[in-house]
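Have the model open as you read.

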Amino acid sequence: MTRLTRATRALLTAASASALALGLLAGPAPAAPAGPASAAADETAPSPTAYAGDGPYGVGQRSMRLPTGALVEVWYPTRPADVAGKPEGTYDVVEYLPAFLKGLIPAGATVTHPSGGVRRAPIAKRGFPLVVFSHGFAGFRQQSTFLTAALASWGYVVAAPDHRSRTMTTVLGGKPGTTTDVQDLRDTITLLGTKSRARKSWLHKRVDMTRVAAVGHSAGGRAVENLAVADPRVDTWVGMAGAATGALDEGATEVPTQPGLLLVGGADQIVTAERMEQAYVAMSAPKRIVVLGGAGHLAFSDLCEVGDGAAGLLSVADLLGFPIPANLVRLASDGCIDPELASVDAWPAIRHVVVAQVRSVLGPDQAAPALDGLVEAWPGVVTDSRSAQ
């Protein structure tokens, strides 16, 4: 089979371009390389780089379905011995393209990427908190495996639904509908709770429904903030390059009361740092904002790194045989072009910040010491970190 290289990432950036051409947002992420030291954190005083790498668990992965038929990807903790020597799963971006675009792809071509877990490995025997993940506009449920798998390795069940009203397939097919993302997330929480209660389910007694977090990218950042308003089961939320009030949903007036954290790309030209600052001001305390100074919009996703080549609309033109308007280059590759901070350099800090926020609210960390000193611990990556209690 042919593996697309430069065309790989171009396909994804083409999705972003199409979405943004409609005046909407894009979003999407991979199995991260090692960052600063990721040794298991001291439970009493974890360092500001403690969660940059993998945690103590192996990672399993399965797919489930909501009652609507939408697929949900689930990453979960396993015993390391149960995944040792077994192949990590992959996903194929081509499968997320609408049929008419698939017809333009060379026969047998694939755009595969590690999906972060070992398929159908047995889940570890204890109850784990739940994290739901919301993908960006023109994204897909497996877009952020560098983060979703990392969360699972630190002891969380992570569930990411396809938002069929705004997936890559739907948007590139020209048929985006009224978004159902908040309801998709609520249904996902309910599904995981139901499966955890079911005696014959592989998730029986494995999900602690008293501890729930929500994380999202771009339009997904807006979704998880609105989810926290709508659903009291959510204990904390994290918006990456996206939020509701003040950023992506100017008409919203209600903000969550749960602790929230915003991750910002300082070089983001899609959802700018200024808009994210407005969202932070509108949030209720306790709250925190962390800025990755050189990061663009897609640094929080797989879009810049899927495949083996450099992002670029010229490779899209070469692959699909049509010119890409120059005014879409910035929109479709924000965060993928020098001198912006490379995704692989941003991922360890993103992993650390998200895991630290979730642990500080859901446990086992009793406070948030791992979120102190981020600017000093991540020179050239984290340029601002503030909180209000």
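## What counts as a core

A nonpolar core here is a set of buried Ala, Val, Leu, Ile, Met, Phe, Trp, Tyr and Cys residues joined through side-chain atoms within 4.5 Å. Keep in mind that this is a predicted model.

## The largest core

With that in hand, the largest nonpolar core comes to 45 residues. Met240, Leu263, Ile350 and Val354 are the ones with the most contacts inside it. Helix H12 is the top contributor, giving 10 residues.

As a general rule, nonpolar side chains in soluble globular proteins tend to be buried together.

What does Met240 touch, if you skip residues up to four places away in sequence? Its partners are Phe133, Leu147, Val215, Gly216, His217, Ser218, Leu263, Phe300, Ile350 and Val354.

## Thr383 in strand E12

Now over to Thr383, which sits in strand E12 (residues 382-388). Thr383 counts as partly exposed because its relative accessibility is 47%, between the 20% and 50% cut-offs.

Setting aside neighbours within four places in sequence, Thr383 is in contact with Val291, Leu292, Gly293 and Val375. Thr383 and Leu292 are 91 residues apart along the chain, yet their C-alpha atoms are separated by 5.8 Å. As for Gly293, its backbone nitrogen lies 3.4 Å from a polar side-chain atom of Thr383.

Conventions. Residues numbered from 1 in each chain as written. Predicted model: local features only at pLDDT ≥ 70, side-chain atom pairs only at ≥ 80, totals over all residues. Heavy atoms only, no water. Buried < 20%, exposed > 50% of the residue type's maximum accessible area, 1.4 Å probe, protein only. Helix = DSSP H or I, 4+ residues; strand = E, 2+ residues; numbered from the N terminus. Contact = heavy atoms within 4.5 Å. Polar contact = N/O pair within 3.5 Å; in protein donor to acceptor, adjacent residues only side chain to side chain.
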